[in-house]
Amino acid sequence: MQKKGEQNYRIGPGAASLLMIVVVLSLTVLGILALIGARNDHKLSLRNQEMVSAYYDASSQAQEALLRLDAVLFNARKNSADEGTYLEEVLANLPEGFELDGQTARYEADAGANRTLTLTVEVKGLVEKDRYRVKSVFLNDETTWETQLIEGLITLE
């Protein structure tokens with residue numbers, strides 16, 4: 001029995017339908033968000049793959065250039081009698097891509113994505129046991145943070 005002044009609330013079939021619509025929409029939104037996340041992860045993986053591949057290509061180029069420099073140094077040692085003629089012959093036959101500054105040879109290879117792999121080698125003298133010594137192999141990123149932030153805000157993909 002209902003007391004006077006009290007109302008009886010009943011949930012009809014429309015409320016169940018409304019609840020089902022809200023659940024379906026929520027699941028749809030979650031599915032779309034998961035799909036967008038997966039697509040972005042895939043793009044990031046592809047970019048990472050390209051960057052790693054470009055780095056190893058640059059590293060390979062630097063190693064091949066070092067091999068060519070070693071051959072030049074070997075031949076210069078064979079054909080030189082003193083330190084002066086040794087350095088002249090090295091400078092005359094320096095492999096493509098190398099720059100010689102005193103006893104330091106430098107080679108740069110493009111590593112993609114505004115990055116450069118720099119190989120720095122110390123050319124040893126005529127009487128020393130070793131022909132060269134690798135001083136450094138450095139990956140230089142020429143992109144600035146401001147540029148990345150601005151491009152990230154402007155680009156809508």
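Biologist: At what angle do helix α1 and helix α2 pack?

Modeller: This is a predicted model, where local features need pLDDT of at least 70, side-chain atom pairs count only at pLDDT 80 or more, and totals for chains, interfaces and linings use all residues. Residues are numbered from 1 along each chain as its sequence is written, and side-chain values use heavy atoms, leaving out hydrogens and water. Helices (H or I, at least four residues) and strands (E, at least two) are DSSP runs, numbered from the N terminus. With axes (lines fitted to C-alpha atoms, for helices over the stretch in contact) and angles running from 0 to 180 degrees between N-to-C directions, α1 (residues 13-79) and α2 (residues 83-92) sit with axes 9 Å apart, at an angle of about 145 degrees.

Biologist: Which residues of α2 does α1 meet?

Modeller: Contact means heavy atoms within 4.5 Å. From α1, Val72, Leu73, Asn75, Ala76, Arg77 and Asn79 take part, and in α2 they meet Tyr86, Glu89 and Val90.

Biologist: What is the phi of alanine 113?

Modeller: Alanine 113 belongs to the loop between β2 (104-110) and β3 (115-123). Most residues other than glycine have a negative phi. Alanine 113 is not a glycine, yet its phi is positive, about 55 degrees.

Biologist: Is threonine 118 buried or exposed?

Modeller: Threonine 118 is part of strand β3 and touches Arg106, Tyr107, Glu108, Ser136, Val137 and Phe138, leaving aside residues up to four places away in sequence. The cut-offs are under 20% relative accessible area for buried and over 50% for exposed, with partly exposed in between (1.4 Å probe, protein chains only). Since its relative accessibility is 10%, threonine 118 counts as buried.
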